[in-house]
Amino acid sequence: MSDQSLVTKARLGVSGLDNILVGGLTRGHLYLLEGSPGTGKTTIALQFLLDGAQNGETGLYVTLSETEDELRMTATSHGWELGQQFEIFELAPPESLLDAEQQQTLLYSSDLELGETTKAMFEAVERIKPDRIVLDSLSEIRLLAQSSLRYRRQILLLKHYFARNGATVLMLDDLTTESNDKTVHSVAHGVVRLEELAPDYGAERRRLRVLKYRGQSYRGGYHDFIIRRGGVEVFPRLVAGEHKTNFERSVLTSRIGALDALLGGGLERGSSALVLGPAGAGKSLLTMHFAKAAVERGERVALFIFDEELGLLFARAKAMSIDLAAMQATGNLFIEQLDAAELSPGEFAHRVRARVDANQVKTVVIDSLNGYQAAMPQEHALLLHMHELLQYLNRQGATTFVTVAQHGLVGDMKSPVDITYLADSVILLRYFEALGRVRRAISIIKKRTGDHEDTIREYRIGRTGLSIGEPLEDFQGVLRGVPTYTGASRPLLGPEEPPLDGVRDFLSAGDERV
């Protein structure tokens with residue numbers, strides 16, 4: 001065996017999974033990787049042996065269920081050239097079992113075949129002396145053993161034999177039997193289960209969980225993963241408490257005087273702001289003003305867009321004097337368009353974290369939470385994901401803006417999910433009727449850090465973006481949508497600017513794809 005066997009951990013070579021297992025697998029033990037067909041067991045097993053080969057370790061893939069050609073085709077689909085990086089030992093049934101005339105009747109053929117299979121496997125191990133072994137799969141051995149007692153004894157035999165040889169063994173189980181046999185769970189040093197979920201719409205979702213790891217801490221819970229060309233990629237569950245940093249909690253402005261006044265001077269760095277409002281109220285535009293101000297300060301900004309096609313977003317923003325393409329060209333603005341039907345929550349959190357870590361992003365916009373919710377089958381899980389993600393961003397000194405489109409246009413508004421208690425600040429946008437016209441109002445209903453105005457102001461969207469008027473002190477019931485005028489002055493904004501190309505479409509359709 002190579003000197004690598006003296007190293008404490010054997011990496012699986014799977015991005016994210018080694019992190020969950022705190023470095024990999026403790027050497028010299030037997031591990032179980034289980035999951036239904038199609039969950040990625042073979043791919044992970046190949047990555048495990050390829051990682052060993054790159055470190056000068058000898059590998060052996062014992063296959064009872066797939067042919068060597070099928071394994072090499074799987075490797076080719078990921079762009080891997082196996083060559084002679086490790087040995088593939090194909091255990092095919094003896095030809096006599098395929099010939100009906102030669103099948104004996106005095107003894108069960110499974111008794112003979114199990115013994116022959118074990119003997120052939122041991123001979124291959126003695127010949128190759130591998131550091132790493134993959135056994136694919138246990139289902140064949142379970143069927144040959146026929147009884148639970150014999151199966152357990154066979155697994156114990158394999159365990160003790162491999163332990164004497166000092167190899168790190170990864171056994172695969174496709175869970176195709178109906179019995180809920182936990183024999184291998186009790187024998188194995190560690191157990192990882194792969195699962196595949198089928199949502200009502202969109203791509204399949206895969207996740208894994210470490211069920212057991214003797215004498216070793218690991219990251220518990222479910223972790224999303226994907227299978228793409230190049231292998232399996234796992235997204236460890238985000239734990240915000242592990243990522244605290246020190247930064248100066250300065251106040252950030254939007255460079256719109258009236259809006260900053262509403263916010264008591266601006267928003268604190270490292271805080272989160274929730275922008276609530278009906279479709280077309282200008283939620284995206286408001287967040288882009290903060291993004292523009294951050295870029296002008298020389299900071300880096302990341303926009304994660306769920307609900308809008310980027311080409312249309314660029315054109316509409318430019319019509320309101322916000323040139324996203326020019327900001328992107330400076331290298332300080334990063335924009336990612338996301339498809340909720342193809343994206344798992346864990347992958348989204350990973351992409352946000354990777355952008356913040358790699359590019360030192362200090363302003364993050366998630367537009368919108370409605371799109372993110374579409375990636376979440378359960379609402380309570382969404383709240384937990386958002387809690388960890390917002391806490392992580394806050395601890396990194398990033399200011400986060402999240403938009404939520406509420407149901408309805410005037411009167412009582414309903415949100416698809418209530419995360420107002422998670423956000424540090426809540427900005428509320430509303431439509432209201434006055435003097436025969438539909439107008440818009442803005443107010444700050446929550447701010448944890450510092451004071452803010454408790455007034456309601458009218459705002460308008462024009463060629464320069466948002467313009468905000470004086471407090472609507474002579475109106476009652478603005479937030480209900482149909483206010484009563486009680487004063488003698490005219491506090492509403494003056495005549496509107498001429499219509500803009502693209503702006504009317506932005507207001508009428510910008511958020512209606514939620």
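**Close-up views of a predicted model**

View 1. Ser368 sits in the loop between β17 (363-367) and α14 (369-374). The model shown here and in the other views is predicted. Asp367 and Ser368 are joined by a cis peptide bond, with omega about 10 degrees. Most peptide bonds are trans.

View 2. Where is Ser137? Ser137 lies in the loop between β6 (132-136) and α6.

**View 3. The pair of helices α6 and α7.** Helix α6 covers residues 138-145 and helix α7 covers residues 148-165. The two pack with their axes 8 Å apart and at an angle of about 130 degrees. Angles of 65 to 115 degrees count as roughly perpendicular and those over 145 as roughly antiparallel, so α6 and α7 are oblique to each other. Their crossing is right-handed. On the α6 side, the contact is made by Leu138, Ile141, Arg142, Leu144 and Ala145. On the α7 side, the residues in contact are Arg150, Tyr151, Gln154, Ile155 and Leu158.

**View 4. Gln146, in the loop between α6 and α7.** Gln146 is found in the loop that lies between these two helices. Its phi is positive, about 70 degrees, although Gln146 is not a glycine. Most residues other than glycine have a negative phi. Is Gln146 buried or exposed? The relative accessibility of Gln146 is 55%, and the cut-off for exposed is over 50%, so Gln146 counts as exposed.

**View 5. Ser321, in the loop between α11 and α12.** Ser321 has its place in the loop between α11 (310-318) and α12 (324-329). Ser321 is a residue other than glycine with a positive phi, near 65 degrees. The relative accessible area of Ser321 is 41%.

View 6. Helix α13 is made of 15 residues, 345-359. From the first C-alpha to the last, α13 reaches 21 Å, which is close to the 21 Å expected at 1.5 Å a residue. Which residues of α13 are buried? They are Pro345, Gly346, Glu347, Phe348, Ala349, Val352, Val356 and Asn359. Gln360 follows α13 and has a positive phi, near 55 degrees.

**View 7. Leu286 in the largest nonpolar core.** The largest nonpolar core has 40 residues, and the members that touch the most others are Leu286, Leu324 and Ile442. Helix α10 (residues 283-296) gives the most to this core, with seven residues. Leaving aside residues up to four places away in sequence, Leu286 touches Leu259, Val275, Ile427, Leu429, Ile442 and Leu466.

**View 8. The protein chain as background to the close-ups.** The protein chain contains 16 helices and 24 strands. Of its 514 residues, 54% count as buried. How many of the contacts between residues at least 6 apart in sequence join residues at least 24 apart? In the protein chain, 70% of these contacts do.

Key. Residues numbered from 1 in each chain as written. Predicted model: local features only at pLDDT ≥ 70, side-chain atom pairs only at ≥ 80, totals over all residues. Heavy atoms only, no water. Helix = DSSP H or I, 4+ residues; strand = E, 2+ residues; numbered from the N terminus. Expected span 1.5 Å × (residues − 1). Buried < 20%, exposed > 50% of the residue type's maximum accessible area, 1.4 Å probe, protein only. Core = buried A, V, L, I, M, F, W, Y, C linked by side-chain atoms within 4.5 Å. Contact = heavy atoms within 4.5 Å. Axes fitted to C-alpha atoms, helices over the stretch in contact; angles between N-to-C directions. Parallel < 35°, antiparallel > 145°, perpendicular 65-115°, else oblique. Left-handed = near helix turned anticlockwise from the far one by under 90°.
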